[in-house]
Amino acid sequence: MHGGGKSDRPVLPVKPPNNTGTPVAEVVEGRGRTKENAIGKTGAGHRPGEHRTNALDGVRQVARKDKEARFTALLHHISPQRLREAYWALNPKAAPGVDEVSWADYGENLDENIEDLLNRVHTGAYRPSPTRRTFIPKANGQPRPLGITTLEDKVLQRATVEVLNAIYEEDFAGFSYGFRQGRNQHDCLDALSVGIDRKNVNWVLDADIAGFFDSIDHSAMLEILGRRIADERLLRLIAKWLKAGVLEEGIRSETVQGTSQGASVSPLLANVFLHYALDRWVQWWRRSKAHGNMIAVRFADDTVYGFEHENDAKQFLNDLRERLAKYQLELSPEKTRLIEFGRNAVRNRKARGLGKPETFDFLGFTHICGRSKKGHFWLKRITIKKRMRAKLHSVKDEMKRRRHRPIPEQGKWLASVVRGHCAYYAVPGNTDAVRAFRDQVVKLWCKSLKRRSQRSRLDWKRMDRLAKRWLPRIQCMHPFPSVRFDVIHPR
């Protein structure tokens, strides 16, 4: 189950087929047809009991058949019903923007607010508010800027994203996973694991674009959008969002480049930008310049590439830097690494008198060249240590604020924390790290409860009963990557 020798694996084609004009597999990763999420019916615009075709289905069909088609009339698809659906899809508890209008406030006169918003959009009177900038700590301790948009802007952006998705979901590469319909981090991790396991991968390039969201050139972004969108009103609307500005500590500043992390439209714009600046080029490079196997996965601006030959890997890295420079982007020197990695890495390095293969981090996991109980190669994944430490630190801080709450209330909250951690990290081979996280949570809880009183008589026997009463037991929550991958992408 963990992996297998080459004799157990079917021989897969090395290079992808030519563009067929229809959604096809990323053959180089051994994948079947992509999910039908891009061509399914859209909920917005429908009423219960109606069976008419959604207007966006026609846009999807054209986008699928003609990869060079430009769409001249899209703004009318942003209808009152689509805006209402966007409003109801928002998180009611999300922080308000600079206008301090909450989800509940906007919904008190929802129909009137939507009618007024749509009228301003069509007359050109709509002006987005600046985003309120706040900072959240990253796992490495560095602050990450987060933009909080107003609720009205969120509603309009979500509706616009739905319209644009009808086009771009037909264009995006199969190895693109970030912020896409029906795809998530574990789908991306599965594809990476299967690619390394089933292809002859000996070198891995872990590449990260430095400050990507803050570095997007507005002119290049609008030029790229114009390759598929000829609706000038929609392009002007997106340009307004890009240049809306930022409000930080009461001071407004202009945004001359970048797109706000936290804005509903930003993930789609990032994917569109990287599709043209990176993904299509990667596909060309793989077809035209690679001399051996090559795999690729991308989640937002985090990418991992696998190569059979070291020369391919080094040449690709040099060409990648040149390619990104054309779009005013660069690789992060701290996070970009080329390492020897794969089923043959241990043997090859041992023959040269070198130590164990290096590891790389991707989407919260450290990837390691491991072995199954039967001695087969196994791409083992464990929780990144600094991620777990950062999470425990945040749990500790929150526990201080909840110290004097009733124990059942604390127990329910901690149970949700542990369940959430398990839901993501409890993959095959990582249960020890997940169990260690639960153990540390129990220790923090015990320490917090003891500090409620100087006469506390809490001992570990009672603490163990509390942990068993409230915290879930640790078990694997995910199948092996190849099992889930083959179900989603049948051959």
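1. Basis of the model. This is a predicted model, in which local features need pLDDT of at least 70 and side-chain atom pairs count only at pLDDT 80 or more, while totals for chains, interfaces and linings use all residues. Residues are numbered from 1 along each chain as its sequence is written, and side-chain values use heavy atoms, with hydrogens and water left out.

2. Overall make-up. The protein has 17 helices and 11 strands, where helices (H or I, at least four residues) and strands (E, at least two) are DSSP runs numbered from the N terminus. Of its 491 residues, 52% are buried; buried means under 20% relative accessible area, exposed means over 50%, and partly exposed lies in between, with a 1.4 Å probe and protein chains only. The protein exposes about 24200 Å², of which carbon and sulfur atoms supply 49%, and such areas come from the Shrake-Rupley method with a 1.4 Å probe, only the protein chains shown counting as cover for residues.

3. Contacts along the chain. Among contacts with a separation of 6 or more, 72% are between residues 24 or more positions apart, a contact being heavy atoms within 4.5 Å.

4. Salt bridges between elements. The whole structure holds 26 salt bridges, each being a side-chain nitrogen of Lys or Arg within 4 Å of a carboxyl oxygen of Asp or Glu. In one of them, the side chains of Arg82 and Glu162 meet at 3.0 Å, N to O. Arg82 lies in helix α2 (residues 80-89) and Glu162 in helix α5 (residues 151-168), so the pair ties together parts that are 80 residues apart in sequence. Both Arg82 and Glu162 are buried. Another salt bridge joins Arg298 and Asp279 at 2.8 Å, N to O, linking distant parts of the chain, with Arg298 in strand β6 and Asp279 in helix α10, 19 residues apart. Both Arg298 and Asp279 are buried.

5. A salt bridge within one helix. Glu310 forms a salt bridge with Lys314, and their closest N and O atoms are 3.0 Å apart. Because they stand 4 residues apart in helix α11 (residues 310-325), Glu310 and Lys314 are separated by about one helical turn. Glu310 is partly exposed at a relative accessible area of 30%, and Lys314 is also partly exposed, at 44%. Elsewhere, salt bridges that share partners join Lys67, Asp171 and Arg228 into one network.

6. His275 lies in helix α10 and is buried, with a relative accessible area of 3%. Leaving aside neighbours within four places in sequence, His275 is in contact with Asp171, Phe172, Ala173 and Arg280. Ala290 is found in the loop between α10 (266-288) and β6 (294-299), and it counts as buried at 7% relative accessibility.

7. The positive patch. Arg144, Lys335, Lys385, Lys386, Arg387 and Arg389 form a positive surface patch. Patches are made of residues with over 30% relative accessible area and no salt bridge, like charges being joined within 9 Å and nonpolar side chains (Val, Leu, Ile, Met, Phe, Trp, Tyr) within 5 Å. Helix α13 (residues 385-401) gives the largest share of this patch, 4 residues. Lys386 has its place in helix α13 and is partly exposed, with a relative accessible area of 38%.

Key: Lys and Arg count as positive and Asp and Glu as negative; His and the chain ends are not counted. The place of a charge is taken as NZ of Lys, CZ of Arg, CG of Asp or CD of Glu.
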